[in-house]
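Here is a short note on the two-chain model, written to be read beside the coordinates. Please check each point against the display.

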Amino acid sequence: MTRRELLSFLFSLGALELGSVLPAQDARASTSPVFRVKSLKGVDFVLRNSPTARKHLIETMPGGVALLDYNNDGLLDIFFVNAGHARDNMANPVSFDRRNPAYWNRLYRQNPDGSFSDVTKQAGLADAGDSNYGMGVAVGDYDNDGFPDIYVTNFGKNILYHNNGDGTFTDVTAKAGVAAGGWSASAGFFDYDNDGRLDLFVTRYLDWSVEKSKTCGSEKPTYCPPGDFPAITNILYHNRGDGTFEDVSISSGIAAKKGHGLGVAFADYDGDGFTDVFVANDVSDQFLFHNNGNGTFTECGLDSGAALSESGRMPSGMGVVFQDYDNDGLPDLLVTQLPHDPYVLFHNDGKGSFSAQELEAGLGVLSGNVSGWGVGLEDFDNDGWKDAFVVQGHVFDNVQIYDDSLRYREPPLLAMNRAGRFERADPGSDLPVAGRGAAFGDLNNDGWIDVVTTSLGDAPQFYLNRGGEFHWLTITLRGKRSNRDGFGARVQVNGQIRFATAAGSYLSSNDKRLHFGLGSAETADIEIRWPSSIRQVVRGVKADQFIVIEESVQP
Amino acid sequence: MIHALLWMCLLLPAQSADASLPPDALPLLQSGIDAENRGAFDQAVAAFRKAAELAPNSAIVLLRLGDTYMKERDYAAAIPPLQRAAELSPDAPAVHQLLGYALLAAGYASEAIPHLKIIHDDGALGIAQLQAGQAAEAVANLQAALAKSPDDPDLLFYLSRAATALAGQSLDRLRSVDPNSARGHQALGQTDYEMKMLPEAAKEYEQAIALRPDLPGLRLELGQVFAAGSEWAKAEEQFRGETKLQPGSAEAAYRLGNALLQQGKMKEAAQELKRSDSLSPDMPETLYALGRAAASSDPDVAEHALQRVIELEKQTPLAGQAHLVLAQIHRRQGKTEQAARDMENYRKIQALAAHPPS
């Protein structure tokens, strides 16, 4: 598919009233594998985390993956965050040997034939900072120049790479003022003040350093739990629009709460027109930062019912996705965690409140004894209901000596959504891996969502969707008054809702295009509420195509 | 109390010496007693040893010497003079008490037992029997001692140790007598389960059930093995089987209800949990699970159950969790003020757990 074909539709229409045309429930049993799991020609990345006998906690937490079209050729490219060379005995100034190509982050450009080329060096992404141990990645066009920029989180200093539009990137961290510090985890671009410029949220895990590193388990050494280290604040950077950012963590109220942040996801859960923030915390209350619309946030996880699991326990929150799983028009939260509680599903009950409904939704039987990280709610079978995919693997590489019922390496969980209740399905591979990151997108532009996952000490896994009979529609937003990526837009297609974002999952960044399964419907009615508050409606769009919708200039 | 008895060695009057001693030993004995009264145990030992050399058949001198060694925590040194004192005065309870304690403290539990039996010290005797591997006798004597001192922490501690040892001995015996019996497999299954070897435990229980399908409890325990591995459908099958065998078992009904709850079968779960509550009312865990199961489908039942949990549990973590579920119910009902009060109560309990009153 050429870029011209991909961009064959460019809509710019006024607002109209639309009815809801939800697809009928698909009664098919999920017996055949949904994905074909294969390696991709030209991708030779290995996530090198360098586990040590000292069990430094950083070793078991990387690493992220991003799906982005960095050169705007209509083909998704892949960016992997590598970790670094940890050693038993480390002292400041610490070196993680990141100048060694084995520990570089990697950018793979997709070629028209579906193969990939490693363009890391020529793109200027080889130097990841020798004192940085890599974690995650966020993608967004922060300067609205039409080219996606990359933000890499680390233990150490984070790096913002500006996309120059010519296949190269420039490290603009110092100028932008977004280096953060300490141990950053997931990050994401979003526009919290609807000024048309993407701001940046960075979660931080805990107050750790090589001096503070310790080993737990006297006879059976292993990684220490997060509670052994002090909690820490997350960071919010406001985009000034001149290539620089201002740290507004304190003035916005974000820094009022300390936690053990790992995952972050965005959506406007109460429909007030401002994007809210959810932070998945490891073994503490989850944070729901309500956007007050005046530059400040109020953390309301407990009072809104989105802080604790159904059992009342504090989840060991790892990854999170903030999308509407039951097609009621309200974004819900799926939080992955460690055993022995199921992944937490906070159902949005409306009026700003949530209730944990993982048991009602069938996740109790699917996830009680596994460890989840990267997560997505995507419609893999295009039946109109968002399914769940979770990459799994325990934190401890020696967990079996503690509990023989648990495994360090696990296959992923694929759960198909049958009208709001999840059922196990065959992802196409039961190969156990120490899974961590996961990014979701349509790698081969066939209209069916694929998955790329990372695993510690291993090559990535590629889950290519086998496809099927149902129809689909994929939308690229182009903001004008709103941020160019359209992040924060609420897009309704035949009654389904998606919130435009590349954030979510764990340490990873997804294809920013909005994918909708249409079931047997051959046309779609689209309603968009942009962050600018403009409402825009497009009727009778033919199914099975990629379209670009530019923000209407008329309110 | 036991601790005090073990290490407390003052058994003899310290105010005067024995007038029947040889004349040259008497001042030494008195000198030793004086030194002992001053806490100068080294000097006391030296004086008593010299007195014992002059009067080797004086039980009182030997007893004083042994007593002083024990005050110095030198139990091994105390044993020879006390053993000699016991030979000389076999009917003196104080000698047997000190010798029994010295032997026990030095690790000679079996040798201590006859002396502790003479003085009828149930507590110390029970401890000696536990250490000598006589778990059944230890349980009996420790229970007798606890009847006299019900809240003694040392006795409670040793009784729990003795009961555990007795259970272990019984299981070892069961395994050696008939390892392939249903009970033998059940015992092995239990051991595997405790070691978190869940697949192995399940196999043992399945073999036990194959041998004795009508034996109550097997399915309950196998269900718990599956539940520990979050295999809730398999757990449900076993718990359901147990409720057929034991329709009057509140625990089986509770376990079945919980397995249904974990699978999201809320209405069925609520039904079974109600049945468990009717069989054994006011079990907080059952009521809490009922509250969770009925929260969406029957909020009145859920609220009633959760309020009862709070009445029963007051400020425990379970009561806190009940407040949380109540808040969820009230938020759904639009009762925001009530939900806020629920959360306030939840936070109070959390704060209490974080900072318990001294």
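1. Basis. This is a predicted model, in which local features need pLDDT of at least 70 and side-chain atom pairs count only at pLDDT 80 or more, while totals for chains, interfaces and linings use all residues. Residues are numbered from 1 along each chain as its sequence is written, and chains are lettered from A and ligands numbered from 1 in the order in which they are written.

2. Chain A overall. Chain A has seven helices and 38 strands; helices (H or I, at least four residues) and strands (E, at least two) are DSSP runs, numbered from the N terminus. Its C-alpha atoms fill a box of roughly 65 × 50 × 50 Å along the principal axes. Of the 555 residues in chain A, 61% are buried, meaning that 20 or more other C-beta atoms, placed from the backbone, lie within 10 Å of the residue's own. Among contacts (C-beta atoms, placed from the backbone, within 7 Å) in chain A between residues at least 6 apart in sequence, 62% join residues at least 24 apart.

3. A sheet in chain A. Four strands form an open antiparallel sheet in the order E3-E4-E5-E6 (chain A); two strands pair if DSSP finds at least two bridges between them. Strand E3 (65-68) and strand E6 (116-118) of chain A are at the edges with a single partner strand each, so one side of each has no neighbour in the sheet. E3(A) is joined by four bridges to strand E4 (residues 77-80) of chain A, and the two run antiparallel. Within this pair, A:Val65 stands opposite A:Phe80.

4. Chain B domains. Chain B is divided into domain 1 (2-106) and domain 2 (216-353), with bounds from an automatic or database domain assignment. The C-alpha centres of these two domains of chain B lie 63 Å apart.

5. Helix H16 of chain B. Helix H16 (residues 266-279) of chain B has 14 residues and reaches 20 Å from its first C-alpha to its last, close to the 20 Å expected at 1.5 Å a residue; the expected span is 1.5 Å times one less than the number of residues. The buried residues of H16(B) include B:Met266, B:Leu273 and B:Asp277. The buried residues of H16(B) pack against H15, helix H17 (284-294) and helix H18 (299-313) of chain B.

6. The contact between chains. The contact takes 22 residues from chain B and 21 residues from chain A. On the chain B side, helix H14 (232-245), helix H15 (250-262) and helix H19 (317-332) of chain B are the elements that give two or more residues. H19(B) supplies the largest share, six residues.

Key:
Contact = placed C-beta atoms within 7 Å. Buried ≥ 20, exposed ≤ 12 C-beta atoms within 10 Å, placed from the backbone.
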